[in-house]
Amino acid sequence: MAQNSDAVKQAMFEELQKILNPDSEQRKSAEARLAQLKFTEWYGVILAEFTIDQQIHIGIRQLASVMLKQYVDDCWTDGGDLDADGVTALDAGSANPAPALLVNDEAKRRIKQILPEGLCDQNSKIRSVVAYCIANIALYDWPGDWQELFDVIVKCLSGTENSVDGAMKVLTEFTTELDRQVGDVAPLILAEVYRIFTAADQYNVTARKYAVDILYSLLRSINTNIETRQEKTTILNPVLPNFMQRLIEGLTAPNGPHSSFQLKTQIIKILKYMISDMSKFVQPYMGTILPTIWQLLTQLADFYVKVVVNETEAAPFNGRSDHDGEDEADEFVQMILQIFEFVHTIIEMKKYRAAIMNVLTDLVYITVLYMQITEGQAQQWLDDPEKFVDDEDEQSVEFTVRATAHDVLLIVGQEYEKQLLPCFTEALGKHSAVAEVDRNAGNPHWWKIHESSILAVGSFKDLIVESPTGFDMGQYLALIKMLMESRASPYLLGRCLWLLSRFCECDILRQPFMEQIIIATVDSLSVDKPIVLRIMTARAIYGFCTNLKDNNDERHVLIMSKLEHFFDGLLALFEQSQNTVLGLLLEALSAVISFDVNVTATLCPKVINITMNVFQKYHDDRFLLEMVQDVLKILSQNPFCLLPLQDRMIPTIVSILNHEQQQQGSEHTLAPDIALDVLQTLVKYSQGPLSDAMIESAFPSAVHCILRTEDHSVMQAGGECLRSFLAVSPEQICRYQNGEGLNYVLQVTTMLLNPMNTESTASFIGRLVITIITKVGNLLGDSVDLLLKAVLSKMQLVKSLNVIMSLVTIFAHLILLQLDAVMNFLSTVPGPTGETAMSFVLANWLSRQHLFYGQYERKVTTLALCKLFEHGVTTKDDRLNTVMIKEQVAAPSANANSAARRTRSATAKTPSVWVDTPVLVKIFKLLLHELANLREAKDAHTKNQDSGDDRDSSSDNEADDASADGTKMSFLTALMYMDEGDDEEEDEDDRQLMAELMNDPIFQCDTMEYLTKFIESFSQHENFRAFLEKIDETEKNILKTFNIAL
């Protein structure tokens, strides 16, 4: 066997050398040969030997180490053991199981003997891979099958700097993935990392940071995998109290060989995690933690302003850190960001409210200080406007100190509201006084604190408007006027204009100051001004036009007189901007053209040109395309712009749909699905009758494009496009070529319902079919039955919830409008398995009703169930009442009456059986649960503002499972069941679909109100008692909560 092993080793060495050869043929041959050698018995052992052999070329060692890493991943898994046939457990169920790697206990033992030597290697990459392999093996073998591992690690921790680094990497990798055996190994690791962290004279800052990283991973693993607080205490108490004291002390240690910004950042991260998720363990130390963090935040502020914001002092950093090459200045910034994350957590916790109130003025003062624009940002934004818009966007994902501090300030406003304003006024007064001193002293950066203060004021607009006595806006506007006249910085002037646009509808902003503001706005758009000022002015224009659109005084007239000037300034910006800036400009343009239809009419040709240019150049940018569609929507709704817009857009769209652009080889080829989306917008927001170009050119082009495509996105977009044609002008579609238009629509619908097409093509088919039947159903004749049969065929094969919901909604909608016709159809047409279509549809519907979402879908299906239920109860219609629905219920248990508490795991293991439930009983149950969920959603929405007040660690407090689940359910339910009254801008599609239903008064009411009255009414019916016998205790409790006598 030894000779065979030596032969394999020599062969592997030769093939590894060939892989490093630049000849691609040799490399391919070597890779194929190694793939074969992988199934030899000592493959992994040989790779381990190559990895740690310092006499071998480093390239071969690194290559061997990478292959070893994969080998360990393959062999040390839960399914990695071989069965009697040499197949792994993971592959046992596969139709074509992969051949198993030949790894036996002896080979595994040898690999575990060899690898620790690599922890002392001089090459850091080798140490990292070896550490990963050891950690991965340890997850499965330690402590049971590798008891000596911890002694090896301890020995390494007492050795050279390289061995310490290797050992710490093992523990870091290991604890990151630790789960099952945390209770066994955590005490050992905790004691060792505490020893390392406290032995500052023995271990450098990198090793101490590793110790803190490992502690963080251990705490998370313990909190996640250890169930009771008592068990957690047993593990943590021997070490944690002393560890906490030393961690807190570590926050104030000076940077040097034993401390760094990175180390402190990790310590703060641990403290934040413990406060939010393990609060009982950290509570005894909060009296020390909070002052220490506050001291850090306040003491670093002056340093941050001088070194980072203004760059008036040289950074006293060493340049590069010795850990991973990050710039130490960046590490300093990361520490500030982590402090703000900590503060954010504290602010949201009610128990610390008194502590925050004591320092609220200072907190606002410090936060505004950190919100200042840095010199680096100011220069970078001038050079890169895209970056400027990205960073300053409210939805930005960029984690800068400015953005993070601003977020914290917003949280303070949400939590303290009117209590904040006196503190806010005092803090801004202090900043203003300091800025005035700096200005008089000739400090060129004096304006920065004013800019961040103005950002804060604008962010609290609603709070200030609601409490006018809490903040003297008149006095602040006088300061703004002075700052605008100073012309100290384009950022300051732009921020002033932004603030004024936020407050422009307030009575305090009147002539003559208002006129001065608008003149300054127009002037700031001129091409000789800095790009950042022009962009900020565009944002201000959006505010002026949006906030004063419905105003009826002289301010509205003033804005209207300047709309053309606004547009000209935006036009120049469009010509030199790209993606992100264009999005902002399109928003501003939408606000300008929606302000007054007559002014927009004069600007129409230019607006169309801009929109067309952006559309053609950036059609593949979904964000910009949405903005373009907003502009098209506004123009389509303007009677003076509709025809000019269609004259420009329709030829372009038709050429795309007819594939003319592809034939011409255009560089910017537009996809047909995008063209159909745009065409849908033009149609959807037009008033009927549609233009000749729309009917005679765009409509047939759209139809032919859809019918010849195999692209599912084109089919989906095409269905929605044709639905808009029918919804806006069904008569014109039906008259097209003597009825050919209607045939076209039916052909497309049949294509979308074709069972051979993917499910996604039918995602919106329900709305199309409903529109066809409700708009032109009287012209369809037998085609209605054919259409509904196609719906049934599609329903047989689909599994996606959204498609099932779309198909079910067709029948639900028709039940509300034409109950008798639907009943006749479903009871006479056979289902796919021999039962009636009634049984088939109701089985698919009722089993998923609780999962349906969307305002229109939920309301229509719920009300349709009410109508079906009422019909079945009052008429005793056997076509409906004989239908049985399969329902899964818990199997009867011998211990069913036991009073013992059932855990969630025990409940999950309870056996269940399928039973036949009468359809009316099933509907009644669903309506009860729907009513309960609607109330829960309403209550959750009402209490949303208070949901975070009592936030604490659920794992810490041993919270009741039902309570924890209930809180989560409230949130999810609120998302699914948000009622129509809560949607600020109801979807246009829903309005179109509900239009006919709304003729009936019952559909105009609130769903919860209607459902409550419906069930209350049924409770007086003679059959109510019979249904009570069929429902469970949970459902009876729902009735009780609505005061319905049982």
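Residue numbers start from 1 along each chain as its sequence is written. Because the model is predicted, local features need pLDDT of at least 70 and side-chain atom pairs count only at pLDDT 80 or more, while totals for chains, interfaces and linings use all residues; side-chain values use heavy atoms, leaving out hydrogens and water.

**Helix contacts**

Two packed helices are described by the angle between their axes and the distance between the axes. Axes here are lines fitted to C-alpha atoms, for helices over the stretch in contact, and angles run from 0 to 180 degrees between N-to-C directions. Helices (H or I, at least four residues) are DSSP runs, numbered from the N terminus.

| Helix pair | Angle | Axis distance |
|---|---|---|
| Helix 18 (residues 360-370) and helix 22 (residues 420-440) | about 50 degrees | 8 Å apart |
| Helix 7 (residues 149-157) and helix 8 (residues 161-177) | roughly 140 degrees | within 7 Å |

The angle of about 50 degrees between helix 18 and helix 22 makes helix 18 oblique to helix 22. Angles under 35 degrees count as roughly parallel, over 145 as roughly antiparallel, 65 to 115 as roughly perpendicular and the rest as oblique. Ala, Val, Leu, Ile, Met, Phe, Trp, Tyr, Cys and Pro count as nonpolar, Asp, Glu, Lys and Arg as charged, and the others, Gly among them, as polar.

For the other pair, the axes cross at roughly 140 degrees, which makes helix 7 oblique to helix 8. Helix 7 and helix 8 cross in a left-handed way. From helix 7, Ile153, Cys156 and Leu157 meet Ser163, Val164, Ala167, Met168, Val170 and Leu171 of helix 8. This contact has eight nonpolar residues, one polar and no charged ones.

**The second largest cavity**

A cavity is a set of points on a 1 Å grid over the protein atoms alone where a 1.4 Å probe fits but cannot get out, and its lining residues have an atom within 4 Å of a point. Three cavities of 30 Å³ or more are present. Helix 37 (712-728) and helix 40 (765-776) each supply at least two lining residues, and helix 37 gives the most, with three. Five lining residues are nonpolar, four polar and one charged.

**Backbone features**

Gly688 and Pro689 are joined by a cis peptide bond, with omega about 0 degrees. Pro689 lies in the loop between helix 35 (672-684) and helix 36 (692-708). Glu311, although not a glycine, has a positive phi of about 55 degrees; Glu311 sits in the loop between helix 15 (286-309) and helix 16 (328-347). Asn738 is not a glycine either, and has a positive phi of about 55 degrees. The loop between helix 38 (730-735) and helix 39 (740-752) contains Asn738.

Note on methods
On a 1 Å grid over the protein atoms alone, a cavity is a set of points where a 1.4 Å probe fits but cannot get out, and a pocket is an open set with protein on both sides within 12 Å along at least five of seven lines; lining residues have an atom within 4 Å of a point. Grid points are joined across faces, edges and corners, and a volume is the space filled by probe spheres set on the points. A crossing is left-handed if the near helix is turned anticlockwise from the far one by less than a right angle, and right-handed if clockwise. Contact means heavy atoms within 4.5 Å.
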